[in-house]
Amino acid sequence: MSDHNVTDYRWADSNELMTFLHVQLAEAINLQNRSLAAQLHETIRSVKQLPSNSCTTVLTSIEEDYRARMPYLAYLTRSRQALLGTHAHLERLLDRVQRNKLICKKCFISNCVTLFLEAREKEINTFINGFRSNCPTPDEKCRFVEQFLEKLYTELDQDEVWLGASDDHREEGYIAIERDIMGRIYSFAFYPNGDIDVERDKTFTEHVKQLQGIVDINHKAVRIRKMYRKEAPWPSAQQELATINAYKTPTDKLKCVQRCCFTIMNLLNMACASDQCEPAGADDFVPALVLVVIKANPPSLLSTIQYVSNFYGQRLSGEEAWSWMQFCAAVEYTKTIRI
């Protein structure tokens with residue numbers, strides 16, 4: 001190689017290094033990283049002072065130093081991977097501990113509430129008899145239940161065992177009381193008209209069962225848009241809705257409906273994100289919810305709507321009100337679908 005070619009080669013190395021440093025400097029200035037920008041300014045100043053043939057020597061030295069450090073870098077990488085694995089394992093253990101702590105807390109609160117209610121067993125039996133015989137209308141039943149629950153909540157706050165309880169513990173206690181009381185009057189509150197409600201639910205369930213073999217994502221009654229058909233018929237949402245009869249309080253049933261609605265909406269929005277389109281709206285959500293209701297077909301669905309509306313309807317607000325309204329609309333629409 002001639003002296004002229006060697007000079008060009010060294011100049012090219014120097015030029016590429018300066019270009020790289022200036023690019024890094026521009027990025028640091030753009031990110032307003034003043035510390036890095038100052039370091040790069042000093043580096044550029046130092047490189048400019050080097051002889052023309054020194055850049056190649058510097059780069060070669062850096063490369064040799066990097067190769068010499070490679071075993072140590074590999075060791076650091078393996079160590080970091082091991083530490084990350086240990087960290088993930090500890091996080092899983094911590095999650096389990098927190099979960100066990102929550103379960104123990106709920107169990108302890110439940111036992112305390114059980115003792116609290118056992119001391120008022122006679123009063124509760126009087127309430128149940130009054131609920132069955134003295135409240136002919138849904139509004140009267142709802143008001144009667146609310147008054148009795150408020151009375152129990154007040155007595156719980158004044159109970160010696162609960163005097164030092166935190167607000168969260170008291171709230172858990174209120175929930176446990178509601179579940180216990182509503183569980184005792186569930187059959188009377190859920191089927192206020194007795195066999196009439198039972199037969200009505202059976203008729204609707206049979207109607208939906210017949211629809212299951214007819215209605216799919218292409219049916220004209222639902223008309224699911226193509227972009228949303230990837231996850232249809234949304235089995236995870238069906239599972240949420242299928243468990244609704246496992247709960248006996250209107251609050252828990254409403255939360256079950258909320259989880260179902262949120263699951264559907266999240267899946268629809270995921271489909272929108274993958275296709276880079278606008279987020280799903282009510283016109284997209286309701287047909288999907290109708291299909292989920294048909295495929296899940298939980299028993300006693302009409303009585304569930306009546307039960308929640310009677311005993312929780314006045315407290316609906318925000319997202320839960322929106323979810324419940326959409327759910328009721330989907331069920332009403334399902335009634336109109338003809339076989």
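Visitor: Is Asn297 buried or exposed?
Guide: Buried. This is a predicted model, and in it Asn297 has a relative accessible area of 12%. The cut-off for buried is under 20%.

Visitor: Where does Asn297 sit?
Guide: In a loop. Asn297 lies between helix H11 (282-296) and helix H12 (301-312).

Visitor: And what is the phi of Asn297?
Guide: Near 45 degrees. That is a positive value, and Asn297 is not a glycine.

Visitor: Ser300, buried or exposed?
Guide: Buried. Its relative accessibility is 13%.

Visitor: Switching to helix packing. At what angle do H5 and H6 cross?
Guide: Roughly 140 degrees. H5 covers residues 138-158 and H6 covers residues 167-184. Their axes come within 10 Å.

Visitor: What do you call that, then?
Guide: Oblique. Roughly antiparallel needs an angle over 145 degrees.

Visitor: Left-handed or right-handed?
Guide: The H5 and H6 crossing is right-handed.

Visitor: Which residues meet there?
Guide: From H5, Val145, Phe148, Leu149, Leu152, Tyr153, Leu156 and Asp157. From H6, Arg170, Gly173, Tyr174, Ile177, Glu178, Ile181 and Met182.

Visitor: How does that contact split by class?
Guide: The contact of H5 with H6 has ten nonpolar residues, one polar and three charged.

Visitor: Let's zoom in on Phe148. Buried or exposed?
Guide: Buried, at 8% relative accessibility. Phe148 belongs to helix H5.

Visitor: What does Phe148 touch beyond its sequence neighbours?
Guide: Leaving aside residues within four places in sequence, Phe148 contacts Glu123, Ile124, Phe127 and Ile181.

Visitor: How far is Phe148 from Ile181?
Guide: They are 33 residues apart in sequence. In space the C-alpha to C-alpha distance is 9.4 Å.

Visitor: H6 has another partner, H3. At what angle do they cross?
Guide: Roughly 60 degrees, with the axes coming within 9 Å. H3 spans residues 54-118. The angle makes H3 oblique to H6.

Visitor: And the handedness of H3 with H6, left or right?
Guide: H3 passes H6 in a right-handed crossing.

Visitor: Which residues make that contact?
Guide: H3 brings Lys105, Lys106, Ile109, Val113, Phe116 and Leu117. H6 brings His169, Glu172, Gly173, Ala176, Ile177 and Asp180.

Visitor: Is Cys328 buried or exposed?
Guide: Buried, at 18% relative accessibility. Cys142 is buried too, with a relative accessible area of 9%.

Visitor: Last one, Gln238. Where is that?
Guide: In helix H9, residues 235-242. Gln238 counts as buried, at 15% relative accessibility.

Visitor: What does Gln238 touch?
Guide: Pro233, Val292, Lys295 and Ala296, not counting residues up to four places away in sequence.

Key: Residues are numbered from 1 along each chain as its sequence is written. This is a predicted model: local features need pLDDT of at least 70, side-chain atom pairs count only at pLDDT 80 or more; totals for chains, interfaces and linings use all residues. Side-chain values use heavy atoms; hydrogens and water are left out. Axes are lines fitted to C-alpha atoms, for helices over the stretch in contact, and angles run from 0 to 180 degrees between N-to-C directions. Helices (H or I, at least four residues) and strands (E, at least two) are DSSP runs, numbered from the N terminus. Angles under 35 degrees count as roughly parallel, over 145 as roughly antiparallel, 65 to 115 as roughly perpendicular and the rest as oblique. A crossing is left-handed if the near helix is turned anticlockwise from the far one by less than a right angle, and right-handed if clockwise. Contact means heavy atoms within 4.5 Å. Ala, Val, Leu, Ile, Met, Phe, Trp, Tyr, Cys and Pro count as nonpolar, Asp, Glu, Lys and Arg as charged, and the others, Gly among them, as polar. Buried means under 20% relative accessible area, exposed over 50%, partly exposed in between (1.4 Å probe, protein chains only).
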